[in-house]
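The following questions and answers concern selected side chains and their contacts.

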Amino acid sequence: MAHMFYKYIIFVFFSLLIMHTLAYPKKLDANKPCKRFVLYYHDILYDGTDAANATSATVTNHTNLGNFEHGMLVVFDDPVTKDHHLLSPPVARAQGFYFYDMKTEYNAWFSYTLIFNSTEHKGTINIMGADLMGEKTRDFSVVGGTGDFFMTRGIVTIRTDNVQGFFYFRLEMDIKLYECY
């Protein structure tokens, strides 16, 4: 009889715990991220002559479908700085790829990891999303992380900060994290 009583008490306890969790879900406020910082992503595409300075390379050429580099795949290991200057000390590396995925205008799809290894931050942030280049700002998803950014979620708002021909561009990344552990 006492055994049944303890099972009943445990059942009631867990039922109340589940009801409390469902009644008070964690609410995210888009105006109050738990971490926010702005970084600059610098990409120097290998042009066939400057391997020492290149941070990215085309691994597949574009197709003949349209005039917008459709199908071109680029892998990169790009420096990420706190300011606009390419030669500033990097605070992270962006490692991943992007490919041009539209025949009718310039658009790309990015997937990369920001790798932090400094006294300020250690760990990674995983980012992916569509770069609709015609828009002033674009949002990528933060889909996870490690170290200081364990299991993080959020949004990275991208803005093209500088373009120099076809071989260099700089993106401003406004990183807003909403789940921080």
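Q: Is Lys82 buried, partly exposed or exposed?
A: This is a predicted model, in which local features need pLDDT of at least 70, side-chain atom pairs count only at pLDDT 80 or more, and totals for chains, interfaces and linings use all residues. Residues are numbered from 1 along each chain as its sequence is written, and side-chain values use heavy atoms, with hydrogens and water left out. Buried means under 20% relative accessible area, exposed over 50%, and partly exposed in between (1.4 Å probe, protein chains only). Lys82 has a relative accessibility of 49%, so this residue counts as partly exposed.

Q: Which residue meets the side chain of Lys82 in a salt bridge?
A: A salt bridge is a side-chain nitrogen of Lys or Arg within 4 Å of a carboxyl oxygen of Asp or Glu. For Lys82 the N to O distance is 2.8 Å, and the partner is Glu120.

Q: Which residues are joined with Arg159 into one network?
A: Arg159 forms a salt bridge with Glu172, with the closest N and O atoms 3.2 Å apart. Arg159 lies in strand E8 and Glu172 in strand E9, so the pair ties together parts that are 13 residues apart in sequence; strands (E, at least two residues) are DSSP runs, numbered from the N terminus. Through salt bridges that share partners, the network joins Arg159 with Asp161, Arg170 and Glu172.

Q: With which side chain does the side chain of Asp174 make a polar contact?
A: Asp174 is in strand E9 (residues 168–179), and its relative accessibility is 13%, so Asp174 counts as buried. A polar contact is a pair of N or O atoms within 3.5 Å; within protein, one must be able to donate a hydrogen and the other to accept it, and residues adjacent in sequence count only if both atoms are side-chain atoms. At 2.5 Å, the partner side chain is that of Arg36.

Terms used:
Helices (H or I, at least four residues) and strands (E, at least two) are DSSP runs, numbered from the N terminus.
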